[in-house]
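Thanks for coming, everyone. Please look at the sequence and the model on the screen. I'll go through it piece by piece.

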Amino acid sequence: MNIAPSNDPAVPQDAPGVPVATAAGTGDNAARAAVPGAVAGSRTADVSTTLNAWFLANARDLPWRREGFGAWGILVSEFMLQQTPVKRVIPRLQEWLARWPTPADLAAVPPSEAVRAWSSLGYPRRALWLHAAAVQITEQHGGVVPSDIDALLALTGIGDYTARAVAAFAYGHRHPVVDTNTRRVIARAVAGAGEPAPPSRGRDLEAMGALLPDSALEAALFNAAIMELGAVVCTSRSPHCDICPIRDDCAWRAADYPEFTGTRKTVQKKFAGSDRQVRGLIMAELRSTHRAVTEAEIASLWPEAAQLQRSLHSLVADGLAVDSPEGYTLPDGMS
């Protein structure tokens, strides 16, 4: 089914979705490609129809939306799209799936290879988690990505969003799928607020569930379309209201765009000079070689010794670096 995009770089979590089919598409994948929109009450069906049509005509051509893009590819894309821009994910995703086209292929190599291939995508723990999930899928599910939400949640590194996204976009199951873009569209179109309140699993799923069409096919399309609308039209900083397909039903627009006065989500600290930057420098050094990196070599990466040691120790604690007598390496033990 392949549909949904996730969150964009600036908006953590660019979620993938089901390979989306075009209006001329056929078969199961085509069906999963569209998505309904956002307005409660008696207008919901009309808005859903509008957003579905808009999505089929305007959805971005992304790998995970194409015919034949399977559940494993969607799962990998969901991992990669978390807090990483689509444009950075696409080449890495294609390389990854060419090298490891099935969970069993990834499970057969050491986790260090997954971390190395993750390269500069950031948040490299995702690579370790994805490797561990591949091992679990291979050993516990016969190499097939499960479709059941509980089974998906039992896999390493998979939370509620990813589990629902895979179930909806890869298998066409009727579940509300909520990412940052979805929350923003609902906040504006339905609640009339310029920004969504901080995430709340129960509240967010209830709000999306109230808009979800009864048909599993239409529901999957709706999940993808509302995400796409938030990603490319109803954007965080500069929404393009003049081209929004549901502008006439938007409560925020109808109220003349009132200023948001509610609680705002905590803003992440700047990358430059942060521990994240230092961790990234250390990881780049570890990925650059297949031998142990010495203390002296690591010491040359950053001028502030205390921050460097703090960052190095956090990588060891996260399982991303291994302290050996010769120095530091990527994790080679199988998960």
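The buried residues of helix H6 are Pro111, Ser112, Glu113, Ala114, Val115, Arg116, Ala117 and Trp118. Buried means under 20% relative accessible area, with exposed over 50% and partly exposed in between, using a 1.4 Å probe and protein chains only. Helices here are DSSP runs of H or I, at least four residues long, numbered from the N terminus.

A word on the source: this is a predicted model, where local features need pLDDT of at least 70 and side-chain atom pairs count only at pLDDT 80 or more, while totals for chains, interfaces and linings use all residues. Residues are numbered from 1 along each chain as its sequence is written, and side-chain values use heavy atoms, leaving out hydrogens and water.

Back to H6, residues 111–118. Eight of its eight residues are buried, so H6 is largely enclosed by the rest of the structure. What covers them? The cover includes H3, H4, H5 (103–107), H7 (125–140) and H14 (275–287).

Now the cores. A nonpolar core is a set of buried Ala, Val, Leu, Ile, Met, Phe, Trp, Tyr and Cys residues joined through side-chain atoms within 4.5 Å. The largest one has 56 residues, and Trp64, Trp72, Trp96 and Leu106 touch the most other members. Helix H3, residues 71–81, gives the most to this core: eight residues. Apart from it lies another core, of 28 residues, among them Tyr161 and Phe222.

Take Trp96. Which residues does tryptophan 96 touch, not counting those up to four places away in sequence? Trp72, Val76, Met80, Leu106, Ala114, Ala117, Trp118 and Leu130. Contact means heavy atoms within 4.5 Å.

Next, H3 against H4, residues 86–99. They pack at about 140 degrees, axes 10 Å apart. Axes are lines fitted to C-alpha atoms, for helices over the stretch in contact, and angles run from 0 to 180 degrees between N-to-C directions. That makes H3 oblique to H4. Under 35 degrees counts as roughly parallel, over 145 as roughly antiparallel, 65 to 115 as roughly perpendicular, and the rest as oblique. From H3, residues including Trp72, Val76 and Met80 meet residues of H4, among them Val89, Leu93 and Trp96.

Last stop: serine 311, in helix H16, residues 305–317. Buried or exposed? Serine 311 is buried, because its relative accessible area is 1%. Leaving aside neighbours within four places in sequence, serine 311 is in contact with Asp275, Val278, Arg279 and Ile282.

Terms used. Helices (H or I, at least four residues) and strands (E, at least two) are DSSP runs, numbered from the N terminus.
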